[in-house]
Amino acid sequence: MKAFVHEYGELKVKDMETPTAGEGQVLVALKVAGLNRRDLYIPNRRGEDKEALILGSDGAGIIESIGEGVQNVKEGDEVIINPGLRWYENSDAPPAEFDILGMPDHGTFAEKMVISSEQVEQKPSHLSWEEAGVLALSALTGYRALFTKGQIKEGETVFIPGAGSGVSTYLISFAKNVGARVIVTSRSEEKLEKAKSLGADVVLLDSEDWVKQLENETVDLVIDSVGRATFKRSLDVLKKGGRMVIFGATTEDTIDFDLRSFFYGQYQLFGSTMGSRQELRALLDHMKNFNMHPIVDKTFAIDNMQEAFEYLEVNKQFGKIAINL
């Protein structure tokens, strides 16, 4: 089978042996996979002395065969891969055995994959293959950040720096679905216009004075994945006693901030990563109930993976990048 791998420091398409489903496992013929920023970072994390690893965390396809003891799905079922491994019930933090698919386990950038039957969910019928293939990692990250950690409520206002990311597009839709007000920022006027078309109520350029522009707004919740470049600016627009959820750091990881002003402001700071299977199922129900569709920016063939990586690296996308398998 054809797969996109990281092997001895090189990214390439390679013929790999087709796996076989063992006990409790399923073999999925993948139709579409989703590219995530995580995939960009894995080569540096692995180094140059490792054997071939199939990258990719997101994907959707058809159950081709099942192993002994599998009862939750059958051959021919259309499914979404849950990339959050071995985290089943919602909890304050992931269990010790939690991993994200695509390292150290083989991932979804392949024509076929074997995975535990516990890690697949029925594909919502209203989604196309492209939409289903890019769904789980970003949508689940956003769902947990907004609802489980952020506790957004109808009538509240959420502030989201970085309007073009895949997670941000989900966040805008989730928040609007439950009656929240949404403020987003971006360096790109084009991305801000697209965010408005998704339902964002207020859009701001990164170059603007956010505090001045939002002096008549009350921001109840900030959800930030940018890191050092926006952390202090985001905190400055948050109301006293407000909540901030951090799920990523696409700029620098390390920041300095004034602890005294933080505790006098009675702010609440939460970390968040991915989500449990319980939350993924709630997310899928949410999407069905609101007839919600992921935003797919562009689709690449597996033979053009290098181009897809370069496209994501320069942040051209608004929404998700799909890989046609």
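1. Leucine 259 is exposed in this predicted model. Its relative accessible area is 56%, and exposure is assigned over 50%, so leucine 259 falls in that class. The residue is found in helix α8, which covers residues 259–264. Together with Phe263 and Tyr264, Leu259 makes a nonpolar surface patch of about 380 Å².

2. In soluble globular proteins, nonpolar side chains tend to be buried together. The largest nonpolar core of the model holds 48 residues. Leu146, Val158, Phe174, Val184 and Ile223 are the members that touch the most others. At least two residues of this core are supplied by each of α2 (129–133), α3 (136–149), β11 (157–161), α4 (166–177), β12 (181–186), α5 (189–198), β14 (219–224) and α9 (277–289). Helix α3 gives the largest share, 8 residues.

3. With residues up to four places away in sequence not counted, isoleucine 223 touches Ala145, Leu146, Val158, Phe159, Ile160, Pro161, Leu171, Val245 and Phe247. Another core, of 25 residues, lies apart from the largest one; Ala33, Leu35, Phe300 and Ile323 are among its members.

4. Lysine 2 stands opposite aspartate 15 of β2. The hairpin formed by β1 and β2 has 2 residues between the strands, and tyrosine 8 takes a positive phi near 45° there. Glu7, Lys12 and Lys14 are linked in a network of salt bridges.

5. Side chains of opposite charge can pair when their charged atoms come close. The whole structure contains 15 salt bridges. One of them is formed by the side chains of lysine 2 and aspartate 303, at 3.3 Å from N to O. Lysine 2 belongs to strand β1, whereas aspartate 303 sits in the loop between β17 (296–301) and α10 (305–313), so this pair ties together parts that are 301 residues apart in sequence. Lysine 2 is partly exposed, at a relative accessible area of 26%.

6. A further salt bridge is made by the side chains of aspartate 201 and lysine 176, with an N to O distance of 2.9 Å. Because aspartate 201 lies in the loop between α5 and β13 (202–205) and lysine 176 in helix α4, the pair ties together parts that are 25 residues apart in sequence. Aspartate 201 is partly exposed at 35% relative accessibility, and lysine 176 is partly exposed with a relative accessible area of 28%.

7. The side chains of glutamate 217 and arginine 181 also meet in a salt bridge, with 2.9 Å from N to O. Glutamate 217 is placed in the loop between α6 (210–213) and β14, and arginine 181 in strand β12; the pair therefore ties together parts that are 36 residues apart in sequence. Glutamate 217 counts as partly exposed at 22% relative accessibility. Since buried means under 20% relative accessible area, the 22% of glutamate 217 does not qualify as buried. Arginine 181 counts as partly exposed at 32%.

How values were computed. Residues numbered from 1 in each chain as written. Predicted model: local features only at pLDDT ≥ 70, side-chain atom pairs only at ≥ 80, totals over all residues. Heavy atoms only, no water. Patch = residues over 30% accessible without salt bridge, like charges linked within 9 Å, V, L, I, M, F, W, Y side chains within 5 Å. Areas by Shrake-Rupley, 256 points an atom, 1.4 Å probe, with all protein chains shown as cover. Salt bridge = Lys/Arg side-chain N within 4 Å of Asp/Glu carboxyl O. Helix = DSSP H or I, 4+ residues; strand = E, 2+ residues; numbered from the N terminus. Buried < 20%, exposed > 50% of the residue type's maximum accessible area, 1.4 Å probe, protein only. Core = buried A, V, L, I, M, F, W, Y, C linked by side-chain atoms within 4.5 Å. Contact = heavy atoms within 4.5 Å. Pairing = 2+ DSSP bridges.
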